[in-house]
Amino acid sequence: MSTLPVYRWRLAPDGYATRRQLRARGLRPGGQQVAAQLERPRRRRGPLVAYLYRIDLAKPVRPMTPARWAALAKANTARRTCPVCRRDAGYVIPPTLGTCVPCAYPEQYAA
């Protein structure tokens with residue numbers, strides 16, 4: 001088992017990228033293993049770690065199919081639907097409330 005090369009923050013060589021950087025280029029890791037890691041030192045805590053992937057081994061992002069678009073729309077609709085009143089709230093319901101704001105605070109929204 002070999003250890004990963006570790007680079008300090010902002011000092012990684014060319015040819016490596018994080019998942020987010022790959023995505024910005026329209027790429028994905030594509031099943032490859034982590035090639036290196038970045039470490040950003042912090043005071044009083046352990047360092048922040050970011051994993052790096054090789055850009056030359058990255059694959060293009062898979063295109064969205066109509067079925068995937070439909071599944072995403074259905075999931076977003078479920079996030080906006082109040083489980084109590086079953087109405088579309090017009091916004092994503094906060095997980096801390098679990099319901100739309102009028103259902104969470106009925107005394108403030110009484111007509």
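Is Leu-11 buried or exposed, and why? Leu-11 counts as exposed, because its relative accessibility is 58%. For that word, the cut-offs go like this: buried is under 20% relative accessible area, exposed is over 50%, and partly exposed is in between, with a 1.4 Å probe and protein chains only.

Okay, a bit of housekeeping. We're looking at a predicted model, so local features need pLDDT of at least 70 and side-chain atom pairs count only at pLDDT 80 or more, while totals for chains, interfaces and linings use all residues. Residues are numbered from 1 along each chain as its sequence is written, and side-chain values use heavy atoms, leaving out hydrogens and water.

Back to Leu-11, then. You'll find it in the loop between strand E1 (6-8) and strand E2 (16-17). When I say helix or strand, I mean DSSP runs, numbered from the N terminus: helices are H or I with at least four residues, strands are E with at least two. Leu-11 and Thr-81 sit 70 residues apart in sequence, and their C-alphas are 46 Å apart in space.

That E1 to E2 loop also holds Arg-10. Arg-10 isn't a glycine, yet its phi is positive, about 70 degrees. With a relative accessible area of 75%, Arg-10 is exposed. Now jump to Arg-86, in the loop between H2 and H3. Arg-86 is another non-glycine with a positive phi, this one near 60 degrees, and it is exposed at 61%.

Let's go inside. Which residues make up the largest nonpolar core? There are six: Ala-17, Leu-22, Leu-27, Tyr-53, Ile-55 and Ala-58. A nonpolar core here is a set of buried Ala, Val, Leu, Ile, Met, Phe, Trp, Tyr and Cys residues joined through side-chain atoms within 4.5 Å. Pick out Ile-55: setting aside neighbours within four places in sequence, it is in contact (heavy atoms within 4.5 Å) with Gly-15, Tyr-16, Ala-17, Leu-22, Arg-25 and Leu-27.

Thr-99 is another one to click on. It belongs to the loop between helix H2 (66-80) and helix H3 (101-104), and it counts as buried because its relative accessibility is 13%. What does Thr-99 touch, not counting residues up to four places away in sequence? The answer is Cys-82, Pro-83, Val-84, Ile-93, Pro-94 and Ala-104. For Ala-104, the backbone nitrogen lies 3.4 Å from a polar atom of the Thr-99 side chain.

Next up, charges. How many salt bridges does the structure hold? Two, where a salt bridge is a side-chain nitrogen of Lys or Arg within 4 Å of a carboxyl oxygen of Asp or Glu. One joins Asp-56 and Arg-54, with the closest N and O atoms 2.7 Å apart. In that pair, Asp-56 counts as exposed at 55%, and Arg-54 as partly exposed at 33%. Asp-88 and Arg-80 also meet in a salt bridge, at 3.2 Å from N to O. Asp-88 is partly exposed at 48%, and Arg-80 is partly exposed at 30%.

Last stop, the surface. Leu-4, Val-49 and Tyr-51 make a nonpolar patch of about 250 Å². Val-49 comes from strand E5 (residues 48-54), and it counts as partly exposed because its relative accessibility is 38%.

And down in the segment after H3 there's Pro-106, partly exposed at 44%. Pro-106 and Ala-24 are 82 residues apart in sequence and 43 Å apart in space, C-alpha to C-alpha.

Note on methods: Patch = residues over 30% accessible without salt bridge, like charges linked within 9 Å, V, L, I, M, F, W, Y side chains within 5 Å. Areas by Shrake-Rupley, 256 points an atom, 1.4 Å probe, with all protein chains shown as cover. Polar contact = N/O pair within 3.5 Å; in protein donor to acceptor, adjacent residues only side chain to side chain.
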